[in-house]
Amino acid sequence: MNDWIRTTAAELADALTAGETTSVELTQAHLDRIAAVDGPVHAFLHVDTEGALAQARAADGRRAAGNTASVLDGVPIAVKDVLATKGVPTTCGSRILEGWVPPYDATVVARLRKAGLPILGKTNMDEFAMGSSTEHSAYGTTHNPWDLDRIPGGSGGGSAAAVAAFEAPLAVGTDTGGSIRQPGAVTGTVGVKPTYGGVSRYGLVALANSLDQAGPVTRTVLDAALLHEVIGGHDPLDSTSIDQPIGNLVEAVKQGSSGDLSGVRVGVITEMSGEGWQAGVLARFQDSLDLLTKAGAEVVEVSCPTFVHALATYYLILPAEASSNLARFDAMRYGLRVLPDGVAEPSAEEVMRATRDAGFGPEVKRRIILGTYALSSGYYDAYYGQAQKVRTLISRDFASAFEQVDVLVSPTAPTTAFPIGEKVDDPLAMYLNDLATIPANLAGVPGISVPNGLADEDGLPSGFQVLAPALADDRVYRVGAALESLLAQEWGGSLLDQAPDLDRLDHRTGVAK
Amino acid sequence: MPDTPDTVSREEVRHLADLARIELSDEELDHLAPQLAVIIDSVASINEVAAGDIPPTSHPLPLTNVFREDVVRPGLTAEEALSGAPEKEQQRFKVPRILGDEQ
């Protein structure tokens with residue numbers, strides 16, 4: 001019997017085409033894997049066994065009739081719980097949406113269904129995507145498959161852990177300040193944040209409208225490109241959706257996989273090193289740069305001086321947008337309604353206050369209050385107004401850098417996965433995890449994180465980030481695929497081959513034997 | 001230059017939570033107020049970065065009004081729209097009283 005759960009999505013698609021397996025068999029294999037390991041990993045908030053198997057049977061029917069819906073027809077997938085799924089609970093990791101069953105599909109989900117990918121379930125996340133560890137989920141922390149005592153990154157730690165633990169070959173994440181790329185880095189998986197507007201936000205429960213972008217979470221760069229081509233492209237239901245083709249991403253991966261980067265100019269961002277960066281992460285980054293140089297790339301250093309203000313800019317713009325967006329949770333139309341204690345005939349406003357206190361966790365409250373502050377009269381110009389101006393400067397830094405180089409690179413995250421509990425009540429320490437990923441969201445440019453080795457001091461994965469100009473997503477796929485194939489030659493396989501075997505997990509303690 | 005204090009008081013946090021319609025207990029205020037002061041202190045540096053003539057960016061890509069044809073297309077039924085309501089009555093959202101508040 002084949003080990004289908006360890007097979008890439010591209011190979012699963014080939015096996016389906018060759019008639020070596022069925023979608024029902026593949027979907028059941030992943031459901032069995034979820035049943036076996038998700039207790040200790042806790043990547044999923046909801047598993048839709050019946051729905052996934054019904055979609056798999058339909059995929060097998062289409063294939064038997066000779067009319068497959070897409071290249072990935074029949075290949076199962078996991079979806080972050082921030083995307084609305086008709087008939088399947090969607091909580092955003094929050095108590096305030098506990099039990100909510102959306103009456104409609106997000107466009108990304110509708111495209112997955114149309115392309116025939118059975119949806120295994122919904123993955124765990126920091127509440128409303130606020131966090132870098134999944135510890136802010138109201139439904140418990142996801143554990144990193146490399147070390148169950150450590151965080152899987154966030155906010156999309158569930159999607160990253162699901163593919164890292166072989167519970168799903170593919171997943172969808174969303175990236176507002178790094179929530180696809182940083183979990184990718186710390187779990188040894190691939191994550192792509194597309195160009196802003198490249199993937200529809202319709203049905204994506206908004207954290208910060210001007211920053212949010214959905215994208216692929218996978219184990220290989222090719223799988224990410226295949227998934228990106230399914231979910232990407234113009235959507236009239238999202239007024240910020242770009243009405244242009246997303247480019248031939250799979251072709252860019254094939255070009256990159258040849259390992260030849262002759263003529264490609266790679267810029268190392270000066271500002272992304274120094275204090276706060278783990279030595280082992282920087283060492284792997286240097287190794288990767290050496291590989292790119294050997295592959296023919298011209299590697300130079302490029303300064304983006306305003307990037308040092310990106311974190312402060314982000315933590316004004318994001319809370320401002322979030323505090324407005326989360327006003328919709330008013331206990332009236334959907335979600336939780338809590339009546340205040342000891343009030344005989346509470347008003348709508350009193351119910352709203354009590355509900356939002358009970359339904360939101362501490363990080364959501366922090367950011368709503370921070371956003372309310374940044375937008376309040378008297379402080380608006382000094383904080384939110386200034387942040388919008390610095391955002392312009394950050395975009396200008398990107399523009400001038402991309403006049404000199406084709407792509408910019410940095411480590412994806414400053415450290416490897418940290419122990420669960422270490423930063424959960426220290427917001428500033430938590431925010432620093434997104435230091436390298438935030439600038440791309442502020443400017444709307446695409447980025448990828450590719451696993452590039454294990455840090456010497458702790459043996460945990462690090463990630464290599466590639467950024468490109470808006471609409472040049474193909475470049476991050478080309479360079480990402482080149483690095484992936486050069487590293488695979490060195491390692492004789494993928495980085496995840498070196499991960500601990502969860503099959504040998506002790507289920508009472510959650511510790512790998 | 002507007003006044004930008006480098007910290008925020010417990011009473012200010014209580015007021016902001018009130019504006020944001022979040023009932024905070026005294027314990028929550030004790031916990032959140034110092035954390036918010038630290039965060040605000042750390043983002044305050046932004047005030048000196050951009051010169052006055054830099055245009056603000058609200059959105060990463062330039063956008064103008066996006067229009068579509070004004071044609072009828074399927075939407076949610078009333079039952080679907082009400083499916084997540086905490087309370088409903090006669091095909092309507094049922095809400096607590098909205099009159100009689102002092103504020």
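1. A:Val268 has A:Glu301 as its bridge partner in β8(A). The two strands concerned, β7 (residues 265-269) of chain A and β8(A), run parallel and are joined by 5 bridges. Please bear in mind that this is a predicted model.

2. This pair belongs to an open sheet of 11 strands with mixed pairing, in which the order in chain A is β1-β3-β2-β4-β6-β5-β10-β11-β9-β7-β8. The edges are formed by β1 (44-47) and β8 (298-302) of chain A, each of which pairs on one side only. On average, and with direction ignored, neighbouring strands of the sheet are turned by 25° against each other.

3. Chain B has 3 helices and 2 strands, and from the N terminus on its elements follow the order α-α-α-β-β. Its radius of gyration is 22 Å, whereas a compact globule of 103 residues would have one near 13 Å. The C-alpha trace of chain B spans about 50 × 45 × 25 Å along its principal axes, and 17% of the 103 residues of this chain count as buried.

4. The contact between the chains draws 59 residues from chain A and 51 residues from chain B. On the side of chain A that touches chain B, the elements giving two or more residues are α10 (310-325), α11 (348-359), α12 (362-375), α13 (381-404) and α14 (427-431) of chain A. Of these, α13(A) gives the most, with 12 residues. Sorted by class, this side of chain A has 30 nonpolar, 17 polar and 12 charged residues.

Notes: Residues numbered from 1 in each chain as written. Chains lettered and ligands numbered in written order. Predicted model: local features only at pLDDT ≥ 70, side-chain atom pairs only at ≥ 80, totals over all residues. Contact = placed C-beta atoms within 7 Å. Helix = DSSP H or I, 4+ residues; strand = E, 2+ residues; numbered from the N terminus. Nonpolar A, V, L, I, M, F, W, Y, C, P; charged D, E, K, R; others polar. Rg over C-alpha atoms; globule rule 2.2 N^0.38 Å. Buried ≥ 20, exposed ≤ 12 C-beta atoms within 10 Å, placed from the backbone. Pairing = 2+ DSSP bridges. Axes fitted to C-alpha atoms, helices over the stretch in contact; angles between N-to-C directions.
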